[in-house]
Amino acid sequence: MGSANELVGVQGKQPLLSFGVISDVQYADIPDGHSFIGVPRYYRHSILVLQRAVQKWNDLRKLKFTINFGDIVDGYCPKDQSLNVVKKLVHEFEIFDGPVYHMIGNHCLYNLARDKLLPLLKIPGLDGRAYYDFSPIPEYRFVVLDGYDISAIGWPRDHPNTVDALKFLREKNPNSEKNSPEGLVDLERRFLMFNGAVGKEQLEWLDDVLQIATKSNQKVVICCHLPLDPGASFIEALLWNYDEVMDVIHRYNCVKVCLAGHDHKGGHTIDSYGVHHRVLEAALECPPGTDAFGYIDLFDDRLVLFGTDKMKSTEMIFTPNICLRM
């Protein structure tokens, strides 16, 4: 079902590694609906997109792992079904013949608190942390960020991260409905409750990981549910403190690509430091019979995304980090 989008890649060269990608499945056993801006959402069909993705990834027989970029279940899922639905979706991912790396999104947290969600997704964080890194080959390191580290959802109501998030929203968004951008201007429009921030401890951890990658001569791929550049996403979908995260990333030459979900339409840009930002199209918004998933080939000098149907194929050729700052 669905054909891979045409893309002329690196002719005659074998990739160092290949892996699968999908984002924003947001399955729920409810009738189809719409986003708050009127985009159709196909809640029951999205699990079929995932099933076809897993079948395709297995048929390729070359993918070493796959990454789910968050929002495995939709916020409209009836809450008495949340636990079983998440288990069902995790089972579908586990049919893939290899490791699956998950990250959390806002819709995940609407359904289950962190202490229940993280073990189901096998996210290896401690004390509710959902950020981690892994190095599948010596040449590359993947860094998975927790964009809801500081968040008004997912943590206990009295948790310091919840308290900090609510205080932040009161300061930044005067609306009584904190998911409304009404009256907010330009980049201020990201200060919405369905977004979140990377906390100070995680920023320090990121800096340490990038130092290690630099010393090991590794290239780094950053993965986060929330986008990190306004050129690749609606402003309303950005990480609250994307600028602080990118300040850390731009200190180093090792980060080549930032991959994200959350903004369902997808997008791609290259920032002023030469870092690619690719936001992945959502599985949820595929009409019946269409798909949005893909796989990525890693080379020394580029990443090549081969998308299916609504997920656009993209060749991300690395350029020197032109404004490196220490």
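Predicted model: local features only at pLDDT ≥ 70, side-chain atom pairs only at ≥ 80, totals over all residues.
Helices here are DSSP runs of H or I at least four residues long, numbered from the N terminus. The largest pocket takes up about 780 Å³. Its lining counts 29 residues, and those closest to the centre are S35, F36, R41, F194 and H264. Which helix gives the largest share of this lining? That would be helix 3, residues 106-111, with three residues. Sorted by class, the lining of the largest pocket splits into 11 nonpolar, nine polar and nine charged residues.

Next comes the second largest pocket, with about 180 Å³ of space. I150, D164, K167, F168, E171, R190, F191, A197, V198, W240 and N241 make up its lining. Here the class count reads six nonpolar, one polar and four charged.

On to the aromatic rings. The whole structure turns up 15 aromatic pairs. One of them joins F65 and F142, whose ring centres sit 5.4 Å apart with 85° between the planes, an edge-to-face arrangement. F65 belongs to strand 4 (residues 65-68) and F142 to strand 7 (residues 140-144), so this pair ties together parts that are 77 residues apart in sequence. Both F65 and F142 are buried. The two also show up in an aromatic cluster, which is made of F19, F65, Y101, Y132, F134 and F142.

F168 is part of helix 5 (residues 160-172), whereas F191 is in the loop between helix 5 and helix 6 (200-215), so the contact links parts 23 residues apart in sequence.

K265 lies over the face of F234, at 4.7 Å from the ring centre.

How many disulfides does the structure hold? The count is zero. Two cysteines show how the distances work out. For C108, the closest cysteine sulfur is that of C77, and it is 11 Å away, too far for a bond. For C258, the closest one is in C223, at 8.8 Å, which is again too far. To qualify as a disulfide, the two sulfur atoms would have to be within 2.5 Å. Both C108 and C258 are tucked away from the surface: C108 is buried with a relative accessible area of 1%, and C258 is buried with 4%.

Finally, a word on I249, which sits in helix 7 (residues 242-249). Is I249 buried or exposed? With a relative accessible area of 0%, I249 is buried, as the cut-off for that class is under 20%. From I249 to D164 is 85 residues along the chain, and their C-alpha atoms are separated by 24 Å.

Notes
Residues numbered from 1 in each chain as written. Heavy atoms only, no water. Buried < 20%, exposed > 50% of the residue type's maximum accessible area, 1.4 Å probe, protein only. 1 Å grid on protein atoms, 1.4 Å probe; cavity = no way out; pocket = protein on both sides within 12 Å on 5 of 7 lines; lining within 4 Å. Points joined across faces, edges and corners; volume = space filled by probe spheres on them. Helix = DSSP H or I, 4+ residues; strand = E, 2+ residues; numbered from the N terminus. Nonpolar A, V, L, I, M, F, W, Y, C, P; charged D, E, K, R; others polar. Phe/Tyr/Trp six-rings, centres within 6.5 Å; stacked < 30°, edge-to-face > 60°. Lys NZ or Arg CZ within 6 Å of the ring centre and 35° of its normal.
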